[in-house]
Amino acid sequence: MQYSQQVIDRFKNPKNAGGLRGANGIGKVGNAKCGDIMKMYLLIDENEVVKDARFKTFGCCAAIASTDVACDLVKGKSVEEALKVTNKQVLAILGEMPANKIHCSVLAEESIHSAVEDYYKKKEKESKKAVKAD
Amino acid sequence: MRKVYLDNAATTYVSSEVLAEMLPCFNTVYGNANSLHGFGREAANIVDRARDRVARAINANKSNEIYFTSGGSEADNWAIKGIAHAYANKGKHIITSAIEHHAVLDACKQLESEGFEVTYLPVDKYGLVNIADLIHAIKKTTTLISIMAVNNEVGTIQNIKAIAKTAHEYGVIFHTDGVQAIGALRIDVQDMEIDAMSMSAHKIYGPKGVGALYLKNGIRIENLISGGSQERNKRGGTTNVPAVAGFGKAIEIAVRDLSMNQQKLKAIRTYFVDKVTERIPYIQINGHPHQKIQGTVNISFEMIEGESILMLLDLEGVAVSTGSACTSQVLEPSHVLKAMKISDELAQGSIRFSFGKNITKSDVDYVVDVLEKAVNQLRSISPLTKAGRK
C-alpha cells in the first residue's frame with residue numbers, strides 16, 4: 001500500500017483543518033468502527049455561496065487528505081454546485097489511492113452533503129420561526 | 001533523517017553472528033543436503049547441527065522432533081490442519097482463542113469449511129484465556145487445542161503450562177504458536193507439556209522464510225509436501241541450508257542472551273512508557289500489566305486514529321505498526337483488541353511499539369518527541385477532541 005505524494009502532503013499540512021466560527025452548515029459522517037469520522041464546517045452567505053469550508057477528521061491519511069481537498073472543492077461554489085462535487089474530483093486531485101482507501105473520498109463527498117443538509121435544516125427552522133413571529 | 005525501528009515484532013534485522021553462519025552456505029557449502037557425496041554430507045551436517053540447536057533451545061527430547069518449515073505461518077497451518085486431519089477419525093472439534101495470529105485463525109476457518117467444529121475461546125481485558133472456559137469447551141470430540149504462547153499485538157503471556165496440563169487431562173493434543181515467545185521467555189517443551197509448537201527465525205535476528213514445527217514424537221500429523229524424503233518424509237523439498245543454518249544460530253543466541261536482552265528491553269520499555277505517560281495524556285496501555293513480554297508495548301491514543309499516527313512517525317523516520325503488520329491494511333479494528341473488549345475508538349487509535357536489542361535511550365527520547373508532536377497535531381484536528389481534552 002502506497003500513498004501518493006499529494007495525499008502525504010495534504011495529510012501532513014492540511015490547508016483547511018480545524019473548526020470554523022459561525023459555520024451554518026455542519027455535517028458529520030462515518031463511525032469509529034470503520035476508523036473514519038469526518039466533520040465538515042461550511043460558512044454559507046445569504047446568496048447561498050460557500051464562503052469558507054473547514055474540517056475535523058478522525059481517521060487515516062487518506063481520510064484527512066480527502067476532507068481537506070473536499071473543502072477546497074466547495075469553497076466559492078454555490079450550495080447547489082457544492083452538492084455536485086464528487087469523490088472522483090477528490091481522487092483526481094489526490095492521485096492514485098490504495099483500493100481500500102477509496103471509501104475515504106466517498107465519505108468526504110458525503111460530508112459535504114451532510115453539511116449542506118444541516119444548512120437547509122437550519123434555514124427551514126429559521127423560516128418557520130420567522131413565520132411564527134409574523 | 002534519523003531512523004528508529006520499533007517494529008521488531010514484525011521482523012528484526014539479521015544479526016552479524018547469524019549472517020556469518022549463513023554466508024558460507026551460499027557458495028562454499030552449497031551441496032544438496034540429501035546428496036550422498038561429500039558436498040551433500042557437508043550440507044547435511046550443517047542442517048543436523050541447526051536441528052540440534054533448535055531442539056536444545058526449547059529442550060525437545062530429540063532433535064528429530066524439529067521439522068523445518070518456511071516460517072511461522074506454515075508451521076501454524078501445518079500443525080492445525082495436519083493434526084486435525086490426522087485425528088479426524090477420533091473427532092472433529094478443535095479449540096483455539098479469539099486472539100490468535102491469522103495463520104491459526106484462517107487455518108481453523110478452513111477446517112470449519114471442511115466440516116470441523118471450532119471453538120474460539122474469549123479472553124479477558126488483558127488478553128488472557130481462562131482455564132475454566134477451556135475446560136467448559138472441551139468435548140468428547142475435541143482432538144486439538146491451540147493457544148498462542150505470547151500475543152503478537154499486545155505481548156500478553158498465556159498460562160501455557162496450565163493450558164497444556166488441562167488439555168492432557170482430557171486426552172487432547174496441545175499446540176502453541178510460539179513465534180513471539182522464543183527469545184522473550186524460557187520455553188521448555190517437556191516441562192511445559194507442549195505437544196507441538198510453531199517457531200520463526202525472523203523475529204529473533206534470523207533470516208526470513210524459515211521456521212520450524214516442533215512435534216513431539218508419537219503425535220501424528222498429515223504430510224505437508226509430497227515428493228521428497230526431507231523432514232522425515234513429511235515436508236519434501238530441497239532444504240534451504242543457509243536459512244536453516246541461520247535459524248539454528250539465531251535461536252541458540254536468543255536463548256543464550258535471553259536474560260541479558262530481557263533486562264535491557266525492560267529498562268528501555270520502562271523508560272519509554274514513563275516518558276510517554278508523563279508527556280502525553282489520554283492514553284491507555286493495552287495488554288497484561290505484568291504477565292507480558294518486555295519488547296512489545298501497545299498503546300491506544302484517545303481521539304485519534306492509528307494509521308495517521310504511524311504515518312506522521314514514518315515521516316520522521318520512526319517505524320511502528322498498527323495492530324499487527326499482517327492486518328494493517330484491514331479497516332476493521334484489530335481482532336485482538338476487540339476480543340479484549342477495547343472500544344472501537346481506542347482500538348483504532350492503537351499503536352504497537354516493539355523494541356529491539358539495539359535501541360538506546362537516545363532513540364527513545366527522539367521517538368517520544370516525534371510522537372508527542374504527532375499526537376498533538378492529530379488531536380488538534382480531531383472531531384472527537386472535546387473542550388478541555390487536548
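Colleague: In which strand of chain B does Ser200(B) lie?

Modeller: This is a predicted model, in which local features need a pLDDT of at least 70 and side-chain atom pairs count only at pLDDT 80 or more, while totals for chains, interfaces and linings use all residues. Residues are numbered from 1 along each chain as its sequence is written, and chains are lettered from A and ligands numbered from 1 in the order in which they are written. Helices (H or I, at least four residues) and strands (E, at least two) are DSSP runs, numbered from the N terminus. Ser200(B) belongs to strand E7, residues 196-200 of chain B.

Colleague: Is Ser200(B) buried or exposed?

Modeller: A residue is buried if 20 or more other C-beta atoms, placed from the backbone, lie within 10 Å of its own, exposed if 12 or fewer, and partly exposed in between. Ser200(B) has 30 other C-beta atoms within 10 Å, so it is buried. Two residues are in contact if their C-beta atoms, placed from the backbone, lie within 7 Å. Not counting residues up to four places away in sequence, Ser200(B) touches Gly71(B), Gly72(B), Val179(B) and Gly211(B).

Colleague: Where does Phe116(B) lie, and which residues does it touch?

Modeller: Phe116(B) is found in the loop between helix H5 (102-113) and strand E4 (117-121) of chain B. Because Phe116(B) has 22 C-beta neighbours inside 10 Å, it counts as buried. Leaving aside residues up to four places away in sequence, its contacts are Ala84(B), Lys92(B), Ile94(B) and Leu111(B). Lys92(B) is 24 residues from Phe116(B) in sequence, yet their C-alpha atoms are 5.0 Å apart.

Colleague: How does one describe two packed helices?

Modeller: The angle between their axes and the distance between the axes describe them. Axes are lines fitted to C-alpha atoms, for helices over the stretch in contact, and angles run from 0 to 180 degrees between N-to-C directions. In chain A, the axes of helix H1 (residues 5-12) and helix H2 (residues 61-74) come within 8 Å and cross at roughly 80°. Angles under 35 degrees count as roughly parallel, over 145 as roughly antiparallel, 65 to 115 as roughly perpendicular and the rest as oblique. H1(A) and H2(A) are therefore roughly perpendicular.

Colleague: Which residues of H2(A) and H4(A) make their contact?

Modeller: H2(A) packs against helix H4 (residues 87-94) of chain A at about 110°, with axes 9 Å apart. H2(A) contributes Ala65(A), Ser66(A), Val69(A), Ala70(A) and Leu73(A), and H4(A) contributes Gln89(A), Val90(A), Ile93(A) and Leu94(A). Seven of the residues in this contact are nonpolar, two polar and none charged. Here Ala, Val, Leu, Ile, Met, Phe, Trp, Tyr, Cys and Pro count as nonpolar, Asp, Glu, Lys and Arg as charged, and the others, Gly among them, as polar.

Colleague: How many residues does each chain give to the contact between chain A and chain B?

Modeller: Chain B gives 17 residues and chain A gives 21. On the side of chain B that touches chain A, H10(B) gives the most, with four residues.

Colleague: What confidence does the predictor assign?

Modeller: The complex has an ipTM of 0.92 and a pTM of 0.94. pLDDT is the predictor's confidence in each residue, from 0 to 100. Its average is 96 for chain B and 94 for chain A. Over residues 324-328 of chain B, however, pLDDT stays under 50.
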